[in-house]
Amino acid sequence: MGAALAERLRTSAPGALSRVWAAWLFAAFCLVGASGAAGQTPAVLNPAPTPTDWAALGRLPDWSGVWIPESWAVTTARHPPTWKPDVAKQVDDLKALEKAGHPKGLFVDCLPEGMPSFMIMTIASTEFLFTPGRVTILNEFDGNRQRRIYTDGRGHPDDPDLTFNGHSVGHWDGDALVVDTVGILPETYLPISQAVGIPNDGDTHIVERLHLVGPDHLVDDMTIEAPHVLAAPWKVTRNFSRTRERRSDIVEASCRQGDFVEGKDAQGHAAFLPIEHTAEGAPLAPPQTEAKP
Amino acid sequence: MRSQLTAPLAAALLFAASAVAPPPAEAHHSFAMYDPDKLLTVTGTVQIFEWTNPHAVIWLVASGQAEQLTDRWSVELPTSPGNLTRMGWTKHSLKTGDRVTIALNPLRDGRHGGSLKKVTLLDTGQVLTASGTAPVASNVK
C-alpha cells in the first residue's frame with residue numbers, strides 16, 4: 001500500500017521536487033506503519049465456519065419457534081431477591097409508591113433494560129438463533145433488544161467495556177446452555193416490577209442455565225450476584241412457553257412510538273406529533289375542544 | 001475504573017436539566033397509575049386507534065350522560081402490537097367511527113385516561129380483551 005501511494009504521488013506530480021516529496025512521504029508512511037504494527041496486539045480472527053461447524057448445530061436441542069414468557073410478577077414473587085437491609089428499606093419505599101399509584105418508572109427513558117431485566121422483566125416474546133460459535137437471543141421488548149452469547153471457547157475480556165447486557169460467554173452442558181455474564185453497567189436495575197428495582201451498583205455476575213424441561217417449555221435458571229445491593233445471590237427462574245403460530249413471529253417494537261400520535265406537520269407531511277402524559281407516563285388525549293391531529 | 005461525576009457537578013447538571021430539558025420520554029411504564037379497584041364503563045366513538053409500541057392506544061370521544069364521560073378519553077391497552085397480535089387483535093380491530101363501550105381502570109387522578117379491560121363493538125357485539133398472552137406450560141417451577 002505504501003509503495004502504491006508513492007507510485008501515485010510520483011506519477012501524479014512529475015518533476016524532481018515532487019519525486020523528493022514522494023520519497024519523504026513514502027519513508028514517513030513506512031515508519032508510522034512499522035511503529036504502529038510493533039505496538040499492536042496481533043488481530044484475533046473469527047474463523048470462517050466449516051460445513052462441519054454448521055452440521056454440528058443440528059445436534060443441539062431444538063429451541064426454534066417463538067418463546068412467550070410467563071408474567072414477570074409471577075417470576076419475581078416466586079423467587080424474590082434478598083436485599084441488603086438498607087436497600088430493602090428503599091425497595092419498601094418504592095413498593096409503597098407503586099401501591100399508591102405513583103410508580104417509579106424504571107424503563108421510561110427507553111434506555112435498554114439490560115441484564116437481568118432482559119430475561120426477567122420482558123413481557124414480549126423471545127427467539128434463539130444458533131450459529132457456529134454463538135447463540136443470539138432476540139427480544140421484542142421495547143426496541144428489539146438482543147444478546148450475543150459467544151460459545152466459541154473465548155473468555156471474557158480482561159477489562160470489558162461496560163454495557164447494558166454485559167459480556168456473555170457460554171458452553172453447552174449436555175442440552176443446557178450455561179451462560180456467564182459480566183461487564184454490566186452499574187446503573188442497570190435489578191427489578192422486581194416495572195416500578196420497583198434497585199441499580200446493581202457494579203460488579204454484577206450472572207450465571208444462567210437455559211434448558212428445556214418439556215417439549216415446549218424452556219426455563220432460564222439464573223444466579224445473580226450483585227454484592228453491593230444483594231445480601232445473597234439471587235436465584236430466580238423464568239419460564240417460557242413455545243408457540244409456532246406464524247402470527248406470533250417477532251415483530252418490530254420501537255420503544256417510544258407511543259409517545260406520539262400520527263398527524264401532519266406544518267407542510268402537510270406525515271409526522272409524529274408529541275402527546276401529553278401524566279407524570280407517571282400514562283398518555284393523555286387532548287381535550288375535545290382542541291383541534292383533531 | 002469509570003469516571004464519575006463529582007457531586008457538585010452532578011447537582012449543577014441536574015439543576016440545568018430541570019430548567020431547560022424537554023419533557024422526559026415516557027415509553028414503557030408501569031400501569032400502577034390506573035386504579036385496578038375501580039372499573040368504569042365509557043361509551044362513545046373511536047377517534048383514533050394507535051397501533052403503537054410499547055402500548056396501543058385508543059382515543060375515544062365519549063357520549064355518556066355524566067359530564068366526566070363526555071370528553072375525549074385516552075385508553076391505553078396494556079401491551080404491544082406484537083403481543084396483541086398473539087391475542088388475536090389486528091390494527092383493524094378498531095377503526096375510526098366505531099361505536100364502542102369500553103370497560104377500563106381509570107387514572108387515579110381523575111383525568112380522562114384509563115387502562116383497557118374490555119371493549120365491546122356496539123354494531124357487531126364483538127368483545128375484545130387484552131389480558132395475558134399465551135399459557136405458559138402448566139408444570140412451571
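This is a predicted model: local features need pLDDT of at least 70, side-chain atom pairs count only at pLDDT 80 or more; totals for chains, interfaces and linings use all residues.
Residues are numbered from 1 along each chain as its sequence is written, chains are lettered from A in the order in which they are written, and side-chain values use heavy atoms, with hydrogens and water left out.

Chain B contains two helices and six strands (DSSP runs numbered from the N terminus, helices being H or I of at least four residues and strands E of at least two). Their order from the N terminus is α-β-β-β-α-β-β-β. Contacts are defined by heavy atoms within 4.5 Å; among those in chain B between residues at least 6 apart in sequence, 55% join residues at least 24 apart. The accessible surface of chain B is about 7,200 Å², and carbon and sulfur atoms account for 58% of it (Shrake-Rupley method, 1.4 Å probe; for residues, only the protein chains shown count as cover).

The size of an interface is often given as the accessible area lost when the parts come together. Chain A and chain B bury about 4,400 Å² between them, with 54% of this area on carbon and sulfur atoms (accessible area, 1.4 Å probe, that two parts lose on being put together, summed over both). On the side of chain A, the residues that lose the most area to chain B are R247(A), P283(A) and Q288(A), together 13% of what that side buries. In this interface, 64 residues of chain A are in contact with 45 residues of chain B.

Two salt bridges are found across the interface of chain A and chain B (a side-chain nitrogen of Lys or Arg within 4 Å of a carboxyl oxygen of Asp or Glu). R86(B) forms a salt bridge with E140(A), where the closest N and O atoms are 2.7 Å apart.

The structure holds one disulfide over all chains (a pair of cysteine sulfur atoms within 2.5 Å). This disulfide is formed by C110(A) and C255(A), with sulfur atoms 2.1 Å apart. The pair links distant parts of the chain, 145 residues apart: C110(A) lies in the loop between α5 (85–99) and α6 (117–120) of chain A, and C255(A) in the loop between β11 (234–243) and β12 (260–264) of chain A. C110(A) counts as buried because its relative accessibility is 17%, and C255(A) is buried at 9%.

Key:
Buried means under 20% relative accessible area, exposed over 50%, partly exposed in between (1.4 Å probe, protein chains only).
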